[in-house]
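Here are my notes on the model, in the order I went through it. Have the structure open while you read.

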There are 2 protein chains.
Amino acid sequence: MIRLSDIDSRPPKHADKDDYKDLTKEYTDRLGALQDKLYAQKKYGVLVIFQGMDASGKDGAVKNVFEECQPSGLRVTSFKRPTEEEFAHDFLWRVHQHAPPKGMIHIFNRSHYEDVLIQRVHKWVDEKTVDSRFDAINAFESLLQTHANTVVFKFYMHISYEQQAIELQERLDSRSKNWKHNEGDWKEREYWSEYMRCYEDAFNRSVLPWTIVPVDERWYRDYVISKTIVEKLEQLGLDYPPFQKVKKP
Amino acid sequence: MIRLSDIDSRPPKHADKDDYKDLTKEYTDRLGALQDKLYAQKKYGVLVIFQGMDASGKDGAVKNVFEECQPSGLRVTSFKRPTEEEFAHDFLWRVHQHAPPKGMIHIFNRSHYEDVLIQRVHKWVDEKTVDSRFDAINAFESLLQTHANTVVFKFYMHISYEQQAIELQERLDSRSKNWKHNEGDWKEREYWSEYMRCYEDAFNRSVLPWTIVPVDERWYRDYVISKTIVEKLEQLGLDYPPFQKVKKP
């Protein structure tokens with residue numbers, strides 16, 4: 001049972017930034033090596049879902065955690081407001097198309113969880129629909145895991161209400177970040193406690209586990225995510241395929 | 001008029017590897033900064049096409065040249081043997097779907113040029129069809145450039161016949177490269193001079209220019225490609241969008 005109010009959004013006290021940065025560098029290097037084998041072996045696919053409030057550092061995590069991965073084996077999809085065509089299908093239709101084939105790491109910046117978050121917070125769907133969406137989500141993730149050897153990571157970017165204000169304000173003040181500013185983000189912020197409730201419900205009702213990532217400090221965020229991915233992938237026994245029994249003709 | 005036999009596939013004499021690696025690092029850093037603006041501004045798209053014989057270092061170039069770019073703004077598509085569905089359409093159909101939207105860098109590992117290369121070398125298509133394919137390719141690339149503000153780069157990975165043998169042999173000898181081994185690559189190699197003739201014809205008949213990249217030394221390859229992309233993108237005046245006239249409510 002996950003309760004966000006019990007979880008600190010800041011790093012542990014006395015955690016040393018430089019030490020953690022060194023550790024993160026080790027993990028991202030190891031991830032690069034793991035990805036090369038994943039790509040060569042084509043036995044497993046990897047799906048990495050990032051969910052979190054606006055300005056919780058999803059893009060930054062994508063850039064930092066995967067920096068030693070080869071772009072050919074990595075694909076990022078950002079899910080925004082559905083198009084008219086997407087709306088005309090079931091809510092998993094657009095997501096399914098971007099599921100990773102074996103050998104690939106696919107990253108979702110937001111995901112099918114929006115359909116039980118923003119839509120639920122604003123009461124665009126009734127609770128009965130929400131229930132059946134959770135059933136569908138669990139069946140879908142299980143499908144990927146069982147029938148496509150997909151390793152699913154789900155990261156919740158745990159930012160504090162106060163830190164979000166700082167990050168959103170920076171988008172107003174900084175020239176290089178101003179393009180990310182969206183007045184709607186400040187409006188969504190008014191629904192904070194309702195979002196937290198719906199997120200907690202999502203964590204507790206989904207079968208495949210979530211990782212709650214304290215993101216108030218970006219260096220600690222990168223550490224937790226890279227460590228989580230590496231430790232799991234290292235259990236898979238990824239390796240290059242055996243030598244092919246062929247010779248130069 | 002490009003003649004491959006006139007162009008060295010090795011770096012200039014006396015070129016110092018470490019010096020070039022330092023220069024490449026500067027270019028890839030600048031490319032990272034340019035991409036951030038490209039992504040924010042959403043005025044231009046970038047299409048980077050890599051073509052070359054097997055083992056000419058296309059994947060390595062993708063990994064090294066774009067290492068400071070954020071994965072969210074980068075997408076790599078490898079074009080292999082067309083699927084049945086793709087074959088049932090015109091030859092540009094599958095390619096067009098992966099054209100970059102404004103703000104994105106899309107990389108093609110092989111491309112629509114295969115339809116005037118491998119298919120022509122093996123005489124799977126007649127010369128009249130080849131002629132009309134060149135017309136279609138020129139019209140298509142012009143469409144992207146004119147109607148979607150796409151900056152198109154086309155890199156030919158210029159490897160020598162001798163160096164290719166070394167690279168292919170390494171795939172037989174090295175555990176971490178053996179999975180790339182494909183007996184068909186050695187067979188295609190027998191058509192080398194015919195490939196060179198068709199490549200030259202493609203360079204000379206396509207309207208948007210090609211860059212011939214000497215790739216026998218990988219460090220020189222990375223230098224030429226990163227320099228070419230950066231110098232062109234720096235002419236575009238990429239910048240973050242102006243401050244939005246909005247305030248925190």
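1. Start with the sheet in chain B. E1(B) pairs with strand E4 (residues 150-158) of chain B in the parallel sense, over 8 bridges. If you want a spot to check by eye, take Phe50(B): its bridge partner in E4(B) is Phe155(B). Do keep in mind that this is a predicted model.

2. E1(B) has another neighbour, strand E3 (residues 105-109) of chain B; the two run parallel and are joined by 5 bridges. Here the handy pair is Ile49(B) with Phe108(B), its bridge partner in E3(B).

3. How many residues of strand E1 (residues 45-52) of chain B are buried? The count is 8 of 8, so by the cut-off of under 20% relative accessible area the strand is mostly covered. In a regular strand the side chains alternate between the two faces of the sheet. For E1(B), one side holds Gly45(B), Leu47(B), Ile49(B) and Gln51(B), the other Val46(B), Val48(B), Phe50(B) and Gly52(B), and all of these are buried. In short, both faces of E1(B) are covered.

4. Arg10(A) sits in the segment before H1 of chain A, while Glu217(A) is in the loop between strand E5 (211-214) and helix H10 (218-233), so the pair ties together parts that are 207 residues apart in sequence. Both ends are partly exposed: Arg10(A) has a relative accessible area of 39%, and Glu217(A) has 25%.

5. The side chains of Arg30(B) and Glu234(B) meet in a salt bridge at 2.8 Å, N to O. Arg30(B) belongs to helix H1 (residues 17-41) of chain B and Glu234(B) to the segment after helix H10 (218-233), 204 residues apart. Again we are looking at partly exposed residues, with Arg30(B) at a relative accessible area of 33% and Glu234(B) at 37%.

6. Please have a look at Lys154(A) and Glu141(A), whose side chains form a salt bridge at 2.8 Å, N to O.

7. Which residues form the negative surface patch? They are Asp16(A), Asp18(A), Asp19(A), Asp22(A) and Glu26(A). Asp22(A) is found in helix H1 (residues 17-41) of chain A.

8. Now for backbone angles. Lys42(A) is not a glycine, yet its phi is positive, about 50 degrees. The residue is in the loop between H1 and strand E1 (45-52) of chain A, and it is partly exposed, with a relative accessible area of 42%.

9. Lys123(B) is a further non-glycine residue with a positive phi, near 55 degrees. It is placed in the loop between helix H5 (118-121) and helix H6 (127-147) of chain B. At 65% relative accessibility, Lys123(B) counts as exposed. His122(B) is found in that loop between H5 and H6 of chain B as well, but His122(B) counts as buried, at 18% relative accessibility. The C-alpha atoms of His122(B) and Tyr191(B) are separated by 8.6 Å, and the two residues are 69 apart along the chain.

10. A last item is Ile118(A), which is found in helix H5 (residues 118-121) of chain A. At 24% relative accessibility, Ile118(A) counts as partly exposed. From Ile118(A) to Glu84(A) the C-alpha to C-alpha distance is 18 Å, with 34 residues separating them in sequence.

Terms used
Residues are numbered from 1 along each chain as its sequence is written. Chains are lettered from A and ligands numbered from 1 in the order in which they are written. This is a predicted model: local features need pLDDT of at least 70, side-chain atom pairs count only at pLDDT 80 or more; totals for chains, interfaces and linings use all residues. Side-chain values use heavy atoms; hydrogens and water are left out. Patches are made of residues with over 30% relative accessible area and no salt bridge: like charges are joined within 9 Å, nonpolar side chains (Val, Leu, Ile, Met, Phe, Trp, Tyr) within 5 Å. Accessible areas come from the Shrake-Rupley method with a 1.4 Å probe; for residues, only the protein chains shown count as cover. A salt bridge is a side-chain nitrogen of Lys or Arg within 4 Å of a carboxyl oxygen of Asp or Glu. Lys and Arg count as positive and Asp and Glu as negative; His and the chain ends are not counted. The place of a charge is taken as NZ of Lys, CZ of Arg, CG of Asp or CD of Glu. Helices (H or I, at least four residues) and strands (E, at least two) are DSSP runs, numbered from the N terminus. Buried means under 20% relative accessible area, exposed over 50%, partly exposed in between (1.4 Å probe, protein chains only). Two strands pair if DSSP finds at least two bridges between them.
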